[in-house]
Amino acid sequence: MSRKQFNLSRTALLTFIQDIDEDTADIQAKYFNNTLRWHVGHVLVVTEKLLLRYPKKSEHIPANYADLFGPGTKPGDWEEQAPTLKELTSYLENQQERINNFEDLFWKTNVTFKVPFGSIETFGDLLIMLSHHETEHLGKMKAMHQVVTYEK
């Protein structure tokens, strides 16, 4: 069940990203703390961090992404070039494929660390929470995209 929900969320995000161009991805609209590119990278990083203990135990995405897109970061603090949307999309697709290949037993395994949101017991619960997190950011991105394209 949780993978089905995750795939629905991830597919919606990937579909939305297709309509964003590189210039629009970096516009920070008034009243918003971040950019569309930041939100895309943030979803990737948080999912990798909580499911796979990135960056310490996962090398599937570059280690510097934690500094660019981790909780509490913002584009205004970036001191390096951010990855392109194409690169981020590729990592999101790869991450989705890896998650879908996890054995069923993994999702029933208890989480052994404190999760900052809600009552999470198993990795299946965690994936449901991450799907919610992803759609929450997608909603913000859609609102931002409307504002940014209106202001252009």
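Which residue forms a salt bridge with Arg37? Asp26 does, and the closest N and O atoms of the pair are 2.7 Å apart. A salt bridge here is a side-chain nitrogen of Lys or Arg within 4 Å of a carboxyl oxygen of Asp or Glu. This is a predicted model, in which local features need pLDDT of at least 70, side-chain atom pairs count only at pLDDT 80 or more, and totals for chains, interfaces and linings use all residues. Residues are numbered from 1 along each chain as its sequence is written, and side-chain values use heavy atoms, with hydrogens and water left out.

**Salt bridges**

- A search of the whole structure finds six salt bridges.
- Arg3 pairs with Asp104 in a salt bridge, with 2.2 Å between the closest N and O atoms. Arg3 lies in helix α1 (residues 2-17) and Asp104 in helix α6 (residues 104-108), so this pair ties together parts that are 101 residues apart in sequence. Helices (H or I, at least four residues) and strands (E, at least two) are DSSP runs, numbered from the N terminus.
- Asp104 is partly exposed, at 47% relative accessible area. The classes are buried (under 20% relative accessible area), exposed (over 50%) and partly exposed (in between), with a 1.4 Å probe and protein chains only.
- Arg37 forms its salt bridge with Asp26. That pair links distant parts of the chain: Arg37 is in helix α3, Asp26 is in the loop between α2 and α3, and they are 11 residues apart.
- Arg37 is buried, with a relative accessible area of 3%. Asp26 is partly exposed, at 42%.
- Arg98 forms a salt bridge with Glu48, and their closest N and O atoms are 2.9 Å apart. Arg98 sits in helix α5 (residues 85-100) and Glu48 in helix α3, so the pair ties together parts that are 50 residues apart in sequence.
- Arg98 counts as buried at 14% relative accessibility. Glu48 is also buried, at 0%.
- Glu22, Asp26 and Arg37 belong to one network, joined by salt bridges that share partners.

**Buried residues and their contacts**

- Val40 is found in helix α3. Its relative accessibility is 0%, so Val40 counts as buried.
- Val40 touches Ile17, Leu88, Leu92 and Met141, not counting residues up to four places away in sequence. Contact means heavy atoms within 4.5 Å.
- Val40 and Met129 are 89 residues apart along the chain, and their C-alpha atoms are separated by 17 Å.
- Phe69 is found in helix α4. Phe69 is buried, with a relative accessible area of 0%.
- Beyond its neighbours within four places in sequence, Phe69 is in contact with Arg37, Trp38, Gly41, His42, Val45, Trp78, Pro83 and Leu88.
- The C-alpha atoms of Phe69 and Leu50 are 14 Å from each other, and the two residues are 19 apart along the chain.
- Asn34 lies in the loop between α2 (22-25) and α3 (36-52).

**Positive patch on the surface**

- Lys49, Arg53, Lys56 and Lys57 gather in a patch of positive charge on the surface.
- Patches are made of residues with over 30% relative accessible area and no salt bridge; like charges are joined within 9 Å, and nonpolar side chains (Val, Leu, Ile, Met, Phe, Trp, Tyr) within 5 Å.
- Lys57 lies in the loop between α3 and α4 (65-69). Lys57 counts as exposed, at 71% relative accessibility.
- Arg53 is placed in the loop between α3 and α4. Arg53 is partly exposed, with a relative accessible area of 35%.

**Positive phi values**

- Most residues other than glycine have a negative phi.
- Arg53 has a positive phi, near 60°, in a residue other than glycine.
- Tyr31 has a positive phi of about 80°, although it is not a glycine.
- Tyr31 lies in the loop between α2 and α3. Tyr31 counts as exposed, at 74% relative accessibility.

Methods
Accessible areas come from the Shrake-Rupley method with a 1.4 Å probe; for residues, only the protein chains shown count as cover. Lys and Arg count as positive and Asp and Glu as negative; His and the chain ends are not counted. The place of a charge is taken as NZ of Lys, CZ of Arg, CG of Asp or CD of Glu.
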